[in-house]
Amino acid sequence: MSDLSLRRRALLGATGAALVRPALAAGYPDRAIRLVVPFPPGGTVDVTARPIAAAVSDLLGQPIVIDNQPGAGGNVGTQRVARAAADGYTLLFTAPNHTINPGLMPNAGFDAQKDFAPISLCAQIPEILVCHKDAPFRTFQEFVAYARAHPRELTYSSAGIGSHPHVTMELLLHRLGLDVLHVPYRGAAPAFTDLVAGRVQLKLDSYATSAAQIEAGAIRVLAIASAHRSPAAPDVPTIAEMGLPGFEGILWMGYLAPAGTPPDVVNRVAKAVQDAVRSPSLARVLSQQGVEAVDSTPEEFAARIAREIPQWRDVIRDANIRPE
């Protein structure tokens, strides 16, 4: 085959690819979408993903099939989406593990930014700082003063090394200049059980899972790690109010697509997610689970990811956190 023929074939191939991509976006979606949740069924992220996916499915007019692919702190499912076809039919429902793991496990086989196209945030759960009822302090300011006067005497529990509550607590302690010992558990349930029993004094938790024990008087709320006070606990001050402007500890959740997914497809899904979570009926369902419905543009979600990756990398380095 002559060089001229080869050039013509290459040109035709490139032109054909350019024509296929807009056609793909224009007809999207025309079949079921697989939504990978990189955590086991029944957990907070999975339980949140399902009602949102059902609402997005209704708006897109195609089924969304939840595919739980747990493992390696979310990296197993995340890697599979990174390697999936960039056609909008395989999406990722992720959480802060996406921005924590690059600092904790840098050789995961994918790049959390370059290998994904952010679509939209869809939900969040602010962390609250709670303490055992017999802890020697009753307010956030008293906790700070006590911890400063008694370094390494207090302990806090978490669901495990590198979990979102763990790195968020380490960020808080670093910002405050405090030395409190971390006690990791294999899961949130035993970490919470030992807080209620008084085996540890502190924990970052969600209001939904803590509410019953707060009402029973077994634990106390010191502060909430969100930009604003929670409607569920309007009398609880934010950590930002307590002297750390801008401090947040938010378990966010959102949709990502493989890098290279056509912008029209990304925007189509983003619009469906935004419309879904703005629905009062879905917001009520999520609120009953202690989850706040939120949304964002793809650009806003990308900015959050870009901001958090170096933040958590610094926390992991400074606290000398190593994966189990």
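Is Ala218 buried or exposed, and what is its relative accessible area? Ala218 is buried, at a relative accessible area of 13%; buried denotes under 20% relative accessible area, exposed over 50% and partly exposed in between, with a 1.4 Å probe and protein chains only. The model shown is predicted, so that local features need pLDDT of at least 70 and side-chain atom pairs count only at pLDDT 80 or more, whereas totals for chains, interfaces and linings use all residues. Residues are numbered from 1 along each chain as its sequence is written, and side-chain values use heavy atoms, with hydrogens and water left out.

**Figure 1. Overview of the protein chain.** Eleven helices and ten strands make up the secondary structure of the protein chain; helices (H or I, at least four residues) and strands (E, at least two) are DSSP runs, numbered from the N terminus. The radius of gyration is 22 Å, close to the 20 Å given by the globule rule for 324 residues, so the chain is as compact as a globular protein of that length. This radius is taken over C-alpha atoms, and the globule rule is 2.2 Å times the number of residues to the power 0.38. Of the 324 residues, 50% count as buried.

**Figure 2. Surroundings of Ala218.** Ala218 occupies the loop between α8 (207-216) and β8. Beyond its neighbours within four places in sequence, Ala218 is in contact with His132, Lys133, Val196 and Gln213, where contact means heavy atoms within 4.5 Å. Val167 is 51 residues from Ala218 in sequence and 25 Å from it in space, C-alpha to C-alpha.

**Figure 3. Ala225 in the loop between β8 and β9**. This loop runs between β8 (219-224) and β9 (250-258). Ala225 counts as buried, with a relative accessibility of 1%. The C-alpha atoms of Ala225 and Glu248 are 4.8 Å apart, although 23 residues separate the two in sequence. Outside the four places on either side in sequence, the contacts of Ala225 are Glu127, Ile239, Phe247, Glu248, Gly249 and Ile250.

**Figure 4. Asp194 and its polar contact with Arg199**. Helix α7 (residues 188-197) contains Asp194, which is buried at a relative accessible area of 15%. The side chains of Asp194 and Arg199 are joined by a polar contact of 2.8 Å. Such a contact is a pair of N or O atoms within 3.5 Å; within protein, one must be able to donate a hydrogen and the other to accept it, and residues adjacent in sequence count only if both atoms are side-chain atoms. With neighbours within four places in sequence left aside, Asp194 is in contact with Tyr185, Arg199 and Val200.
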